[in-house]
Amino acid sequence: MATTTSSSGSSAIKHDAIVVLKNDHAEVKKLFKQYEKLADKDDIAGKTAIANRICAELIIHTEIEEQVFYPAAREAIDDDDLLNEADVEHASAKDLIIQIQSGDPKDPMYDAKVKVLSEYIEHHVEEEETEMFPKVREAKKLNLKKMGQELTDRKASMLAALTGKDGEIDSKNLLILLNQDTKH
Ligand SMILES: [Fe+2]
Ligand SMILES: [Fe+2]
């Protein structure tokens, strides 16, 4: 390997796992706002690109939570009900994401689905940020710094796999990932 000291942003900033997850929440909230503006302007191409970004960000986010953060949280805090509910909420969000990804952006139902997804996510994020995350932090049983790096690394490789040659999210790759994910 040659030098890796390129100037392309220092993604190696050490955020702990909870900060990484909260940053994702903030990012997706911004994207939902952008979507609404574009939908109001009837910018079909623009809103479709943002919807794809939203779906990709959410799939990556739910995957890293399900693969890394939730199992560790289950061990760290004694609250299976909370974790079970979060898993069910992820499953509902994924169903809606599949519908959006296989839907027609010109269909008025498309906007309705994106809107309902944003409401689901808002509710889910609030529960994570006000209940689950504080409990995990207070339990002090996890190495959240180390996990933050792992989440960041996984995010980067999943995003690369979902991004097409044009730098946009490839909807086909997204659907393949979603279908694999809902089969297990
Ligand atoms: Fe979640
Ligand atoms: Fe989350």
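Tutor: First, a residue is called buried if 20 or more other C-beta atoms lie within 10 Å of its own, exposed if 12 or fewer, and partly exposed in between, with C-beta atoms placed from the backbone. By that rule, the buried residues of α4 are V114, L117, I121, H124, E128, M132 and V136. Helices here are DSSP runs of H or I with at least four residues, numbered from the N terminus. This is a predicted model, where local features need pLDDT of at least 70 and side-chain atom pairs count only at pLDDT 80 or more, while totals for chains, interfaces and linings use all residues. Residues are numbered from 1 along each chain as its sequence is written, and chains are lettered from A and ligands numbered from 1 in the order in which they are written.

Student: What covers the buried residues of α4?
Tutor: The cover includes α1 (17-40), α2 (44-76) and α3 (80-101). We count two residues as in contact if their C-beta atoms, placed from the backbone, lie within 7 Å.

Student: Why is F133 called partly exposed?
Tutor: F133 has 19 other C-beta atoms within 10 Å, so it falls in the in-between class. F133 sits in helix α4, and leaving aside neighbours within four places in sequence, F133 is in contact with I18 and E128.

Student: How do you know what the span of α1 should be?
Tutor: The expected span is 1.5 Å times one less than the number of residues. The 24 residues of α1 should therefore span 34 Å, and the end C-alpha atoms are 35 Å apart, which agrees. Helix α4 (residues 108-139), with 32 residues, reaches 46 Å from first C-alpha to last, close to the 46 Å expected.

Student: Where does α4 bend?
Tutor: At E128, by about 40°. The bend at a residue is the angle between axes fitted to the seven residues ending there and the seven starting there. Helix α2 bends by about 45° at E66.

Student: What makes α1 oblique to α5?
Tutor: Their axes come within 6 Å and cross at roughly 40°. Angles under 35 degrees count as roughly parallel, over 145 as roughly antiparallel, 65 to 115 as roughly perpendicular and the rest as oblique, so α1 is oblique to α5. Axes are lines fitted to C-alpha atoms, for helices over the stretch in contact, and angles run from 0 to 180 degrees between N-to-C directions. Here A17, I18, V19 and V20 in α1 meet L144, M147, G148, L151 and T152 in α5.

Student: What makes a group of residues a nonpolar core?
Tutor: A core is a set of buried Ala, Val, Leu, Ile, Met, Phe, Trp, Tyr and Cys residues joined through C-beta atoms within 7 Å. The largest one has 34 residues, and C55 and L58 have the most contacts inside it. Helix α2 gives the most to this core, with 12 residues. Not counting residues up to four places away in sequence, L58 touches V28, A93, I97 and I121.

Student: Why is D42 called exposed?
Tutor: D42 has 9 other C-beta atoms within 10 Å, so it counts as exposed. D42 lies in the loop between α1 and α2, and has a positive phi of about 60° although it is not a glycine.

Note on methods. Helix = DSSP H or I, 4+ residues; strand = E, 2+ residues; numbered from the N terminus.
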